[in-house]
Amino acid sequence: MDEKALNLLFREARSHNGFLEKPVDTAMLMALYELLKMGPTSANCSPLRIIFLRTQEAKARLLPALSPGNVDKALSAPVVAVLAHDIHFYRRAAQLFPHRPEMYDSFAADAQLAETTAFRNGTLQGAYLMMAARSLGLDCGPMSGFDEAMVNQLFFPHGDVRVNFLCNLGYGDASKVFSRLPRLAFSDACSIQ
């Protein structure tokens, strides 16, 4: 990967708080998913489920669940992705792990193991979504300020799927990006043993 790509994905990538009035079409969202789905998950469990909110009506359903500081961000975004995880991902064993579908039996037998695995791998896939979005020229604004129970009730009322986080997608308004905050040094965050 060249320096330009590394800058795009990491060094110059920013969380966006406002977006330009430029739509994100269905073809772009499909291309985004086709990239992110290729990232690895444990035992190929692929628990991520996404609802892309594009219309004002769809976003209006979400607004009561958002913390006040996230309302304008969501309204300005062409798309708000509701990223969730399917706690019963193991029901797709024959599709996702066809060479050894019985490996998923342990998830079916242990709800806590299934939930932890779904959350962990769904989070990983959410990160893939942001990297894929950036690689396709979209900007991201991940958000965690929302009422989790309300979002689940609004969008996942059956309880099989649970929200993890939200991510605004579109073409960012550079004038609304905050100054970059410091990051930890290697010696503060890492050890080698």
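## A guided tour from glycine 172

Glycine 172 counts as buried at 15% relative accessibility, where buried means under 20% relative accessible area, exposed over 50%, and partly exposed in between (1.4 Å probe, protein chains only). The model is predicted, so that local features need pLDDT of at least 70 and side-chain atom pairs count only at pLDDT 80 or more, while totals for chains, interfaces and linings use all residues. Residues are numbered from 1 along each chain as its sequence is written, and side-chain values use heavy atoms, with hydrogens and water left out.

**Stop 1**

With glycine 172 selected, the viewer shows the loop between S4 and helix H9 (186–189). Helices (H or I, at least four residues) and strands (E, at least two) are DSSP runs, numbered from the N terminus. Leaving aside residues up to four places away in sequence, glycine 172 touches His16, Gly18, Phe19, Leu20 and Asp139; contact means heavy atoms within 4.5 Å. Select lysine 22 next: its C-alpha atom is separated by 9.4 Å from that of glycine 172, although the two residues are 150 apart along the chain. The charged end of lysine 22 sits over the ring of tyrosine 171, 4.2 Å from the ring centre. This term requires NZ of Lys or CZ of Arg to be within 6 Å of the ring centre and within 35 degrees of the ring normal.

**Stop 2**

Select aspartate 86, in strand S2. Is this residue buried or exposed? At 11% relative accessibility, aspartate 86 counts as buried. Aspartate 86 forms a salt bridge with arginine 49, with the closest N and O atoms 3.2 Å apart; a salt bridge is a side-chain nitrogen of Lys or Arg within 4 Å of a carboxyl oxygen of Asp or Glu. The pair links distant parts of the chain, 37 residues apart: aspartate 86 is in strand S2 (residues 79–86) and arginine 49 in strand S1 (residues 48–53). Apart from residues up to four places away in sequence, aspartate 86 touches Pro47, Arg49, Ala118, Asp160 and Val161.

**Stop 3: further salt bridges**

How many salt bridges does a search of the whole structure find? The search finds six. One of them joins the side chains of arginine 162 and glutamate 115 (2.3 Å, N to O). Here strand S4 (residues 161–170), which holds arginine 162, is linked to helix H7 (residues 111–135), which holds glutamate 115, and the two residues are 47 apart. Arginine 162 is partly exposed at 30% relative accessibility, as is glutamate 115, with a relative accessible area of 22%.

Then select glutamate 3 and arginine 11, whose side chains meet in a salt bridge (2.6 Å, N to O). Glutamate 3 is partly exposed at 48%, and arginine 11 is partly exposed at 45%.

**Stop 4: the aromatic rings**

The structure holds five aromatic pairs. Rings of Phe, Tyr and Trp (its six-membered ring) pair if their centres lie within 6.5 Å; planes under 30 degrees apart count as stacked, over 60 as edge-to-face and the rest as tilted. Select phenylalanine 89 and tyrosine 104, an edge-to-face pair with 5.9 Å centre to centre and 75° between the planes. Phenylalanine 89 lies in the loop between S2 and helix H5 (93–96) and tyrosine 104 in the loop between H5 and helix H6 (105–109), so the pair ties together parts 15 residues apart in sequence. Phenylalanine 89 is buried at 0% relative accessibility, and tyrosine 104 is buried with a relative accessible area of 1%. To end the tour, select Phe89, Tyr90, Phe97, Tyr104 and Phe107, which ring pairs link into a cluster.
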